[in-house]
Amino acid sequence: MPSSDPSDQSDRRGGDEAGHGGESRGVKKVQGASHQVELFETQPPPWELTTDCDVAVATIVFSEAPHGPYDYRIPEALRDQLKPGMRVRVPLGKRRKPITGWCTETSIGAPVQRSLRDVAEVLDTEPLCDPPLVRLVTWMSHYYQAPAGQVFDTLIPSSVRANAGTRERTYFMPERSMLDNTVIEALPRKQQSVMRFLIAAGRPMTASQLMVEAECTVDPINRLRKKGLLKAERRREMSAGMPTRWQVSDGEAEKSFALTDDQTRALERAIAAVDAAEGRAMLLHGVTGSGKTEVYIRAIEHVVRFGRGAIVLVPEISLTPQTRGRFERRFQSVAVLHSQMTPAERHFQWQRIRRGEVQVVVGPRSAVFAPLPRLGLIIIDEEHDASFKQDTQPRYHARKVAHARAMSLKIPLVLGSATPSLESWHATRTGRAELVSLPTRVNELPMPDVELIDLRIRDDRTSGAISRPLQSAIRETLDEKGQVILLLNRRGFATTIQCPACGHVVACPDCDMPLTHHRDGGKAVCHYCDYSIATPPWCPECRFDGIRYGGLGTQRLEMEVKARFPNARIARMDSDTMRRPGSHQRVLSSFRSGGVDILLGTQMIAKGLDFPNVLLVGVINADSALHFPDFRAAERTFQLVTQVAGRTGRGDRGGRVIVQTFSPEHPAIQAASRHDYEQFAHDELINRRKFNYPPLGSVGRIILRGAVEEITEAVAESLVTRLEAARTALGHEVRILGPAPPPISKLRGKYRFHILLQSVDPAHLGDTIRRATDSFTISEKDDVQYVIDIDPMDML
């Protein structure tokens, strides 16, 4: 992992935009020569060296261009107030109004050669980021090549920056210099009553509180304020406490059981890592149903016992009521973060976390930045999940950021999964992480049998999506009063709308991707940009009225299941049905209580669910992601099939899995059918070694997008030329591929080209991109933007 010391990662320029000649600007700071540290310091302490002519300087960065960093002078009145991690308003260039920036560093030194502009205003009463988080921002900005101001905006939720759910209140207190008994006795009776009550209370009070306690109107308070006997102080406070809109669990009965021998060994290793007070990464590789969550909880209990806190990261779709309930039942104070929170709720929880009122923070990738004041442990469950990678700038991976934060704080990082990412698995093989295994299920339950159905065999196929063997298995399971889960990782009704007469495919005009037919509402939707139209009743090109709906989505699967099993109670879980707050919870509670017989949906049903009465899991099409133009396609397929297979066989009645596929001989599907992760990892690493794909090398991706295809390609070509020149100048071994159109060549009306860079050394990769893009500018009239994606998770 790259060094998290950012001291030599960026130059500082003055407090104005480049290109505005004649404006005052600061001087680039130069690192002094290193010297040997003496045992006894012979130099006087820094505060004794400060003189009246010394200048206090703040380094400021911005979330919008120009991003900085720029130096500003801190006025005398703000010297004690401004600290790194605070927001400020500063003048920039020829803008009339000061703009908001983030302070990354303050220093006091000799006057610079040119005058600096002053910080105009400090917006926060205390830092929103503590010093370790400010260092994390600097590291992320360097590693992911994103402006530090944008990283700050990612760390601090917009609801916190906007003070959502707060209001300003005015508090009154007596003016100490006027507290003379003779002065008070000379006041009218109501004003005397206000003053005496406020003095007796010994604390500031609002006007409404004073009016109630002193039994007066607002007039006496205003008159006392005019006389200078009361001073007012404005404070921004949270409105009434935010009520949680979530019940504690989905009805799961609380279980208490002794740990297995494997769990005990895993817990002992986790506790030893906590007690060692050193940065250490640990991979908890446990099969589905092996009791990883119980190990997490007991390790957190150990941390909490010493007054420290823990962060637990889970994929958003795994953040079920069941997951939340398991933590909320065991700890007094848990903050659960999720995408359906209102801004006021999110701000309320963030303030609770920062004040140290929370023991455990549970949430998706953004929870890695939770400002726990005494963080003692970070846990990432289902660490292989692709949702831990952010798909907008800054494109960070929560696992990488969690590792950097844990190492800087000297605390353990525990990664848990039944199907670890090859990056984490390789780290255990190279000594960068410790491997802890849970090879068997709790109570020695067997792993479910997996049956592969070859859809190439005509006798097994039907006219629909469900093969004959799967249909028979569903019927048997329902007869036994068991429950069924069916996975199809594609939402909608039909994935293509095509005219059989002329061959025209109804596509998105902005993305050139086929529209998906959604039966609900009778619309055709682009799943990439949300463009939608009413589903055409005839071909838009030739007006033929026999238009055909091809492909398979969860809506069509639901119709087929209802037709084949009319007496079964069926629920569908995908992003179309789970949009309303609480909908996730209602479906899963009904499934647990036996109100639903067949649960079908996308990958959100593949993870984080533990239902003992599920006797059958069916994978409708295991090939959906297997043949994507992506080196991780096989890994994703193995993970998805293995994870959904793990939803069954968790009770005393056992379970079985049926996987439908056109590629039953593929190594990933074969390994998933045997629950054999180690064999899959061994074979896949051999394949990746041929091209030094991650984790055996590093990959960077630069995506360019523009309104005109030819101009976008020309800009991409010029950037490749700069990359090649940077590689030559640095003498680094970096492979540069492209530019070329990616599989999705047009998105949201913009043409796209991408450039791939590969290197065995991630530092060489980063240096090459940094050098090439340092002074790379694109003319505004070209209307081309580019984004850098370090360690990309997809190539689409």
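Arg 688 and Glu 684 are joined through their side chains by a salt bridge (3.3 Å, N to O), the term standing for a side-chain nitrogen of Lys or Arg within 4 Å of a carboxyl oxygen of Asp or Glu. The model is predicted: local features need pLDDT of at least 70, side-chain atom pairs count only at pLDDT 80 or more, and totals for chains, interfaces and linings use all residues. Residues are numbered from 1 along each chain as its sequence is written, and side-chain values use heavy atoms, with hydrogens and water left out.

Because Arg 688 and Glu 684 are 4 residues apart in helix H20, about one helical turn separates them. An α-helix has 3.6 residues a turn, so residues three or four places apart point the same way. Arg 688 is buried at a relative accessible area of 1%, and Glu 684 is buried at 8%; buried means under 20% relative accessible area, exposed over 50%, and partly exposed in between (1.4 Å probe, protein chains only).

The expected span is 1.5 Å times one less than the number of residues. Helices (H or I, at least four residues) and strands (E, at least two) are DSSP runs, numbered from the N terminus.

Tyr 677, Phe 680, Ala 681, Glu 684, Leu 685 and Arg 688 are the buried residues of H20. Viewed down the helix axis they fall within an arc of 125 degrees, so they line one face of H20; the arc is that of the directions from the helix axis to the C-beta atoms. They pack against strand S10 (280-286), helix H14 (422-429), H18 and helix H19 (667-673).

## Arg 632

Arg 632 is located in the loop between strand S26 (614-619) and helix H18 (633-645). Arg 632 is buried, at 5% relative accessible area. Neighbours within four places in sequence aside, Arg 632 is in contact (heavy atoms within 4.5 Å) with Glu 423, Arg 688, Pro 694, Pro 792 and Met 793. A polar atom of the Arg 632 side chain lies 2.7 Å from the backbone oxygen of Pro 792.

## Helix H15

The 12 residues of H15 (468-479) reach 17 Å from first C-alpha to last, close to the 16 Å expected at 1.5 Å a residue. Its buried residues are Leu 470, Gln 471, Ala 473, Ile 474, Thr 477 and Leu 478. These fall within an arc of 165 degrees seen down the axis, so they line one face of H15. Their cover includes strand S18 (483-487), H16, strand S25 (598-601), S26 and strand S27 (656-661). After H15 comes Lys 481, with a positive phi near 65 degrees.

## Other salt bridges

The count of salt bridges comes to 32. One of them joins the side chains of Arg 330 and Glu 294 (2.9 Å, N to O). This pair links distant parts of the chain, 36 residues apart: Arg 330 is in the loop between helix H11 (321-328) and strand S12 (334-336), and Glu 294 is in helix H10 (residues 292-305). Arg 330 is partly exposed at 26% relative accessibility, whereas Glu 294 is buried at 11%. Glu 294, Arg 298, Glu 301 and Arg 330 are linked in a network of salt bridges.

Definitions and conventions: Polar contact = N/O pair within 3.5 Å; in protein donor to acceptor, adjacent residues only side chain to side chain.
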